[in-house]
Amino acid sequence: MAGDVPVGALVVRNDEVIGRGANRTVRDQDPTAHAEMLAIREAAAASGSWRLEGCELFVTLEPCAMCAGAIVLARLDRVTFGAWDEKAGMAGSVGDLLRHPRLNHRPEVVSGVLAAESSDLLKEFFTTRR
């Protein structure tokens with residue numbers, strides 16, 4: 001993982017994984033290489049469309065502003081995440097871009113799924129970095 005924050009994401013359509021990603025910002029030296037972005041790109045390529053209607057994103061950490069914007073633009077039906085991100089989360093922590101009333105698409109949001117496990121993984125990562 002080359003020092004990347006351990007966040008993983010899957011895009012699922014009809015019980016089939018069509019996109020997956022893990023953070024690669026450090027490894028790739030790319031600020032857009034978040035798990036969600038990589039999973040969305042792979043899902044769009046696999047489906048042949050940028051519109052990911054009928055799809056759900058599963059991610060271990062609450063999406064940031066960039067990822068939330070991509071989720072809205074991709075028209076994902078639902079986002080399910082584990083741990084809250086009190087510093088950058090845009091599904092209710094810092095703001096709520098995913099459900100902003102002025103945007104043309106608002107996915108369903110399910111939060112806190114395996115939150116303790118997701119949070120423990122992140123805490124362990126940051127503990128070893130300090």
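Buried residues are those under 20% relative accessible area, exposed residues those over 50%, and partly exposed residues those in between, with a 1.4 Å probe and protein chains only. The model is predicted, so local features need pLDDT of at least 70 and side-chain atom pairs count only at pLDDT 80 or more, while totals for chains, interfaces and linings use all residues. Residues are numbered from 1 along each chain as its sequence is written, and side-chain values use heavy atoms, with hydrogens and water left out.

**View 1. Leu103 in the loop between S4 and S5.** Leu103 is found in the loop that joins strand S4 to strand S5 (108–110); helices (H or I, at least four residues) and strands (E, at least two) are DSSP runs numbered from the N terminus. With a relative accessibility of 29%, Leu103 counts as partly exposed. Leaving aside residues up to four places away in sequence, Leu103 touches Val72 and Leu97, where contact means heavy atoms within 4.5 Å. Leu10 is 93 residues from Leu103 in sequence, and the two are 24 Å apart in space, C-alpha to C-alpha.

**View 2. The contact of helices H2 and H3.** The axes of H2 (residues 35–47) and H3 (residues 65–74) come within 9 Å and cross at roughly 25 degrees. Axes are lines fitted to C-alpha atoms, for helices over the stretch in contact, and angles run from 0 to 180 degrees between N-to-C directions. H2 and H3 are therefore roughly parallel to each other; angles under 35 degrees count as roughly parallel, over 145 as roughly antiparallel, 65 to 115 as roughly perpendicular and the rest as oblique. Glu36, Met37 and Ile40 of H2 meet Met66, Cys67, Ala70, Ile71 and Ala74 of H3. The residues of this contact of H2 with H3 comprise seven nonpolar, no polar and one charged. Here Ala, Val, Leu, Ile, Met, Phe, Trp, Tyr, Cys and Pro count as nonpolar, Asp, Glu, Lys and Arg as charged, and the others, Gly among them, as polar.

View 3. Seven of the ten residues of H3 are buried, and the helix is mostly covered. The buried residues are Cys67, Ala68, Gly69, Ala70, Ile71, Val72 and Ala74. Their cover includes H2, strand S3 (55–61) and strand S4 (78–83). H3 is followed by Arg75, whose phi is positive, near 65 degrees. Arg75 lies in the loop between H3 and S4 and, at 14% relative accessibility, counts as buried.

**View 4. Asn14 in the loop between S1 and S2.** Asn14 is found between strand S1 (8–13) and strand S2 (16–22). Its phi is near 50 degrees, a positive value in a residue other than glycine. At 70% relative accessibility, Asn14 counts as exposed.

**View 5. Two aromatic pairs.** The structure holds two aromatic pairs. The ring centres of Phe81 and Trp84 are 5.0 Å apart and the planes stand at 90 degrees, so the pair is edge-to-face. Rings of Phe, Tyr and Trp (its six-membered ring) pair if their centres lie within 6.5 Å; planes under 30 degrees apart count as stacked, over 60 as edge-to-face and the rest as tilted. Phe81 is buried, at a relative accessible area of 1%, whereas Trp84 is partly exposed, at 39%. The rings of Phe125 and Phe126 have centres 5.0 Å apart and planes at 80 degrees, so this pair is edge-to-face. Phe125 counts as buried at 13% relative accessibility, and Phe126 is partly exposed with a relative accessible area of 32%.
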